[in-house]
Amino acid sequence: MTLRAPVLGLEASCDETAAAVLAPDGRILAEVVLSQTAEHAKFGGVVPEIAARAHLAHLPGLARQVLAEAGVAPHELGGVAATSGPGLIGGLIVAASFGKGLALAHGLPFVAVNHLEGHALTATLPGAVASPVAFPYLLLLLSGGHCQCVAVEGVGQYRRLGTTLDDAVGEAFDKVAKLLGLPWPGGPALEQLAKAGDPTRFALPRPLLGRAGCDFSWSGLKTAVAHQVGKLGTLAEQDRADLAAGFQAAVAATLADRARHAAAMLPGATALVVAGGVAANLAVRAALSGTPLPLVAPPLRLCTDNAVMIAWAGIERLRRGLADPLDHAPRPRWPLDEMRAA
Ligand code: KG4
Ligand code: ZN
């Protein structure tokens, strides 16, 4: 199907409220992301009820804002794409209901986008990376809510090669940061602290290192840090830095090992694409660039949660005639493997 008009993307599956308008060829006409970090920080993590209310308060205004910036009236859109899973149900209901309402009012096609498909297809968005990546490629999704490795073989064609057996890797960063007295979300602060640390001082485990497949596990590593913290009693500044550096080095080495295994599971892969907030970590990037595949990291604003990737996934689906009915129910759990193939 030829798509001739821009698409509105809506994202509200976790703690970012976002809207974007993309031209049918993927050019970004307008985008906005509103982070709720400040609202959740005092609770040390995302509070679903607060997130849902904030999405409800902000999403309509952000949608209006990007449409105005793009100079597109709602009836001129070629479709509305809204994140409909996986994620926190309150936010999913907000994005999906608002998207369906707009689609219904203006007679537009609606696409219920899988958030993970949004992350997966970002590397094919023209202009997102130096040269768009060709299928098949590996996606390593490293965020606060997700830690998985996916074979991306085409639009709608995904195979999960491995996932975490316990925490997401960003969650592990946040928990260890908390042990070291850093504020939530702790990943960036932990990376900063690690700069002054000696990664070799503490012998920390590298979970599942060398194990077949590419599953992940972070709780043993987190517990090992907690154990060291308990043993030290009061932490001197150097202790904190050394623990941060040791933890980060263990994560980076483990991720590189898992990625090497994943590469062997997808012969013919053209690249290793990283997404999610943890992809910002330079030690992680350095370790991942040591695998045989070219490492592709979209700019951070497209790596973390955003609506550009949702609009782009919507465009790819609409081009293939894959709109969804207005009674499509949001899915808090929605593995990528269960996508309809294009
Ligand atoms: O993709 P993302 O922005 O959103 C959600 O998961 O919702 O990822 C956020 C996660 C947090 O756990 C944060 O601590 C982690 O990514 N993170 C980092 C860094 N920047 C963000 N972890 C390690 N090093 C960083 N520089
Ligand atoms: Zn995400």
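1. Cys149 touches Leu138, Leu139, Leu140, Arg159, Arg160, Leu161, Gly162, Cys214, Phe216 and Ala262, leaving out residues up to four places away in sequence; contact here means heavy atoms within 4.5 Å. The residue sits in strand β7 and is buried, with a relative accessible area of 1%. Buried stands for under 20% relative accessible area, exposed for over 50%, and partly exposed for what lies in between, with a 1.4 Å probe and protein chains only. Between Cys149 and Arg258 there are 8.7 Å in space, C-alpha to C-alpha, and the two are 109 residues apart in sequence.

2. This is a predicted model, in which local features need pLDDT of at least 70 and side-chain atom pairs count only at pLDDT 80 or more, while totals for chains, interfaces and linings use all residues. Residues are numbered from 1 along each chain as its sequence is written, chains are lettered from A and ligands numbered from 1 in the order in which they are written, and side-chain values use heavy atoms, with hydrogens and water left out.

3. Strand β7 belongs to an open sheet of five strands in the order β8-β7-β6-β9-β10, with mixed pairing. β8 (157-163) and β10 (295-296) are the edge strands, each with a single partner, so one side of each has no neighbour in the sheet. Strands (E, at least two residues) and helices (H or I, at least four) are DSSP runs numbered from the N terminus, and two strands pair if DSSP finds at least two bridges between them. β7 and β8 run antiparallel and are joined by six bridges; Gln157 in β8 is the bridge partner of Gly154.

4. Which way do the residues of β6 point? Tyr137, Leu139 and Leu141 point one way, Leu138, Leu140 and Leu142 the other, and all are buried. With six of its six residues buried, β6 is largely enclosed by the rest of the structure. β6 pairs with β7 in the antiparallel sense over six bridges, and the two form a hairpin with four residues between them. β6 is also joined to β9 by four bridges, in parallel. Leu140 has a bridge partner in each of these strands: Cys149 in β7 and Val274 in β9.

5. The largest nonpolar core has 48 residues, of which Leu138, Leu140, Leu142, Leu190, Trp218, Phe247 and Leu288 touch the most other members. Such a core is a set of buried Ala, Val, Leu, Ile, Met, Phe, Trp, Tyr and Cys residues joined through side-chain atoms within 4.5 Å. Elements giving two or more residues to this core include β6 (137-142), β7 (147-154), α8 (237-265) and β9 (272-275). The largest share, eleven residues, comes from α8. Beyond its neighbours within four places in sequence, Leu138 is in contact with residues including Cys149, Val150, Leu161, Ala259, Ala262 and Val273. Apart from this core lies another, of 40 residues, among them Ala20, Ala120, Ala311 and Trp312.

6. How many disulfides does the structure hold? There are zero disulfides, a disulfide being a pair of cysteine sulfur atoms within 2.5 Å. The sulfur of Cys214 is 3.8 Å from that of Cys149, its closest cysteine sulfur, which is too far for a bond. Cys214 is buried, with a relative accessible area of 1%. For Cys14 the closest cysteine sulfur is in Cys147, 15 Å away, again too far for a bond. Cys14 is partly exposed, at a relative accessible area of 27%.

7. Strand β4 (residues 79-85) has seven of its seven residues buried, so it is largely enclosed by the rest of the structure. Four bridges link it in parallel to strand β1 (residues 7-11), where Leu8 has Val80 of β4 as its bridge partner. β4 also pairs with strand β5 (residues 110-114), in the parallel sense, over five bridges. The bridge partner of Thr83 in β5 is Val113.

8. His115 and His119 lie in helix α4 (residues 115-121), four residues apart, about one turn of the helix. Both histidines, His115 and His119, are buried.
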